[in-house]
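Please walk me through this structure in plain terms. I would like to follow its aromatic pairs, its sheet, its helix packing and its backbone angles.

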Amino acid sequence: MLAVNVQEGVIVATKLRIGTRGSPLALAQAEMVRDLLIAAHEDLTEDSIEIVVIKTSGDRILDRHLMTAGGKGLFTKEIEEALLDSDIDCAVHSSKDMPTALPDGLELSVFLPREDPRDAFVSAKFSHFLDLPHGALLGTASLRRRAQALRLRPDLKVVTFRGNVQTRMRKLKDGEADATFLAQAGLNRLGMADAAAEKLSLEDFLPAPAQGAVTVEVRSNDTRMKDFLAPLHHADTALAVAAERALLGALDGSCRTPIAAHATRQGKTVMMQAMLLSLDGTTVFDANGSSPATLDDARELGSALGAKIKEDAGPQFFKELAAQVEAEFE
């Protein structure tokens, strides 16, 4: 699909423009979408698609935790502005980076088949998370991973690790921490699956909502682009992510809140587990449930589990959590 512009009476074909962040993982995901589009449409070649790298605020701010800088939207704001301005035709994102509320006029139209949603334990010194010695240094910027790690190993010392996969691997090599956690999906897509010393179980380390799922964002009124992307859509992934994002919405989830969730389709049913933790992992509220395998029902399931957890936790828990986060990071 080539866009067509008319300039001084002459028809000029322009490339399909895919917007993305510039990290190696973001580029790998954008290239995956490009290759899938080429496979789905006979008239497309690499020369007819341009991958447009857009530097986001989240990529520029590396000296402090995302919570103090603005949260998840830091990785999407500039890309979404380019999409709304028609500087790009679609945008490729990691679904877990997407805020629950999108700008007016934009929507997530396509989800690719979900990769391994698990967390990976990465260390040059130790083969298993539980092998870490007493008081070992764990590097992570994720409050969820921090809370889940401390739930099992309260003796660990946690330091903030920011940056892309390669940056965090370099920090580990430089001895800034004894171990870190990375998304197994990202390692797989980068051809670095062997970097994982251990794939952590879903029972002990329930993943971040939408972890491992790549999505494509488009303008809501661009039916042509949506139709063009439709062959890439994976309905089972869309169901799972719909449930998990609805949970986030019900809990007002952000990078300030340790929330974990995982939904899967099993036949005609969506099964889901969800969890909210205190910053130190000592307090846990969890819920699980199922629904018919439709998008509306999946969203209702996520919202219902989120509402249950919110009620169980109570306003005092969220007040104390906010105070803990502020004291720790601001």
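A search of the whole structure finds seven aromatic pairs, where rings of Phe, Tyr and Trp (its six-membered ring) pair if their centres lie within 6.5 Å, with planes under 30 degrees apart counted as stacked, over 60 as edge-to-face and the rest as tilted. One of them joins F129 and F205, which are edge-to-face because their ring centres are 5.4 Å apart and their planes stand at 90°. F129 sits in the loop between β7 (119-122) and β8 (137-139) and F205 in the loop between β11 and β12, so this pair ties together parts that are 76 residues apart in sequence. Both F129 and F205 are buried, that is, under 20% relative accessible area, with exposed meaning over 50% and partly exposed in between (1.4 Å probe, protein chains only). F129 and F205 also belong to one aromatic cluster with F121 and F181.

The model is predicted: local features need pLDDT of at least 70, side-chain atom pairs count only at pLDDT 80 or more, and totals for chains, interfaces and linings use all residues. Residues are numbered from 1 along each chain as its sequence is written, and side-chain values use heavy atoms, leaving out hydrogens and water.

An open sheet of five strands runs in the order β4-β3-β5-β12-β6, with mixed pairing; two strands pair if DSSP finds at least two bridges between them. Its edge strands, β4 (49-53) and β6 (106-111), each pair on one side only. Strands and helices here are DSSP runs (E, at least two residues, for strands; H or I, at least four, for helices), numbered from the N terminus. Within the sheet, β3 (residues 16-20) runs parallel to β5 and is joined to it by two bridges. The bridge partner of G19 in β5 is A91.

Helix α9 (residues 235-250) packs against helix α10 (residues 295-329) at an angle of about 30°, with the axes 7 Å apart. Such axes are lines fitted to C-alpha atoms, for helices over the stretch in contact, and angles run from 0 to 180 degrees between N-to-C directions. The contact (heavy atoms within 4.5 Å) includes A238 and L239 of α9 and L295 and A298 of α10.

Two backbone angles remain. Most residues other than glycine have a negative phi. A210, however, has a positive phi near 70°; A210 lies in the loop between β11 (198-199) and β12 (214-219) and is buried, at 1% relative accessible area. S86 has a positive phi near 65° and counts as partly exposed because its relative accessibility is 35%.
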